[in-house]
Amino acid sequence: MVRVYREYWRINILTTLEYRENFLMWLAFMLVYHGSAIATLYVVLHQFPSMNGWDFRQMAFMYGFWMLAHALHNTLFSNVSSIPEHIRDGNFDRTLVRPLDSLFATIATPGQIFPDELLLAAFYFGIATWYAGVHVDLAFVVLVPLIVAGGALIDLAIDLAISTLSFWFVRVDALKWITLQLEEEFTRYPIGIYSRSVRLVLTFALPFAFMNYFPAMYFLHKTDSSLPLPAIAGVLTPLVGIVSIALAYGFWRVGLDRYQGVGH
Amino acid sequence: MAIIEATDLRKVFRSVVRGPGLGGAVRALFARDHEEKVAVEGVSFGLDAGELVGYIGPNGAGKSTTIKMLTGILVPTSGTVRVAGIAPFDHRAANAQNIGVVFGQRSQLYWDLPLRESFELLRAIYDIPLDRFRQNLAHFCEILDLERFMGTPVRQLSLGERMRGDFAGAMLHDPKIVYLDEPTIGLDVIAKEAIRTFIAEVNRERGTTVILTTHDLADVERLCRRIVLIDEGRVIYDGPLERLRSEYGTHRTLVVTLAEASSSEVVIPGATVVHHEMSVVHLRFDRRTTAAEELIRRVTERHTISDLAIVEPDIESIVRRIYTDGYARPEALPS
């Protein structure tokens, strides 16, 4: 499996480099794209010097957590969101005749993936950490990668669950789009500003709050009295990630048996 | 020893029924009627290791559905499959290691990269020992003449070259069984021949079991001793190609060239005119009721002829007849 994965990345990078001009244009585009995303965030957040007790710097740090986890997910697991497409055009057949777990085989199908988004997100996170004045100690260095990995698993679990639905409904674009919008909307501000039911959903149903809100709270030494969770919840993200992906994987296995393929 | 055993395989697809047009589509949003379509209706057969079998049927007969159940892609609605002792859909990964699959219309090669990069990835996926990999690759390069384009990005290969690459890719891990789904579709005569030679050689030299589904019956005539015919989800014939020919190929065609072109009708007792253009007349007759000599005598009594030939039915016309005449339904067919 390790060899397959290494080979997968080799092919990805080779494919990206095969089209040199496209790659350079893509890099330029990514810089502009992420730059403007951060600029927009800066403008939006600056309208609210303080929100629910969070100041601008703290919200920028919180956003960094989400951005990093989301970028890690996009870099490692982007193939999962193309599953519905492959189911529809029948190319999913090929995945099922590989001597690998079908989810792993899906994730390790080479395309043209390059870790540019992840590098930018890491850069942004570094700046935001410094800007928010978070104390960087050994615990921070050990915990942040684990939390980010957990956050990426949460993202993956939700993505996988939605993709799995396409074994029944074939097209799930609308649901996918709505979830991404919700995710982008609700990870930008401290969830304390939302109603109790939204907070509960973001904590227990679609646990996006574990990608950034709780971890940021933990490192900024904040407490949220509105939710029945202690501050330590911020470092439970890896656990939440593992539980989420386990559930989503179980659902995926059920869906696989329903696969009808295309044609007869 | 049976390497593939399918017993009473059945596959039912369930789909939403929509009325025609936009109105129908809107109605289907609210009231969903489901329709069940039986794609495979109780297919059973066994294959011995080392066999090369043609699996044939018209579009929609259930060929690909059967193959997908054998390869573990689809879960049968009922019935059992054992491939090299394994139930494919319960143990997809283990089964995949034993099989090679070539989908003629779907490449497994990486479009943007040279052939050799795809092979490297396959080596990792199937965990092929390096010396075995090199040995196989060298062998395939030789029979399929791959060397010339190993370094060319796949997108720049011709269809024939790409298919050869796909074949090599499917065989690198020494599969016990290969499933070839329309492997020669769209290929020119020379490329077809190269692929056929390769299939025959792999089957003979390595003892690989081959299941071939194809529309091109020339593939079958050239390669398979045994064929399984399927129609409307059922096996309607399973046996040697020769027996099919002798049992169903009872009609011969006598092609007569008349000494002079005639537009008047040609009537010969015991034969039907199936084609008549200028001086050439095609007469179809049943060899069980009419002897060829007798027919020729009848023709020469009535016409002056300059040439004649007896055409044996090719497998294609036999199979076409079985499908169109529909007399070879399961109950009517000795199998």
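I searched the whole structure and found 29 aromatic pairs over all chains (ring centres of Phe, Tyr or the six-membered ring of Trp within 6.5 Å; planes under 30 degrees apart are stacked, over 60 edge-to-face, the rest tilted). The model is predicted: local features need pLDDT of at least 70, side-chain atom pairs count only at pLDDT 80 or more, and totals for chains, interfaces and linings use all residues. Residues are numbered from 1 along each chain as its sequence is written, and side-chain values use heavy atoms, without hydrogens and water.

I looked up A:Phe23 and A:Phe114, an edge-to-face pair with 4.7 Å centre to centre and 70 degrees between the planes. A:Phe23 is in helix α2 of chain A, A:Phe114 in the loop between α6 and α7, 91 residues apart (helices are DSSP runs of H or I, at least four residues; strands are runs of E, at least two). A:Phe23 counts as buried at 11% relative accessibility, whereas A:Phe114, at 23%, counts as partly exposed (buried is under 20% relative accessible area, exposed over 50%, partly exposed in between, with a 1.4 Å probe and protein chains only).

I then turned to the interface. The contact takes 37 residues from chain B and 29 from chain A (heavy atoms within 4.5 Å). I noted 5 salt bridges between chain B and chain A (a side-chain nitrogen of Lys or Arg within 4 Å of a carboxyl oxygen of Asp or Glu). B:Arg155 forms a salt bridge with A:Glu18, their closest N and O atoms 3.3 Å apart.

Notes: Chains are lettered from A and ligands numbered from 1 in the order in which they are written.
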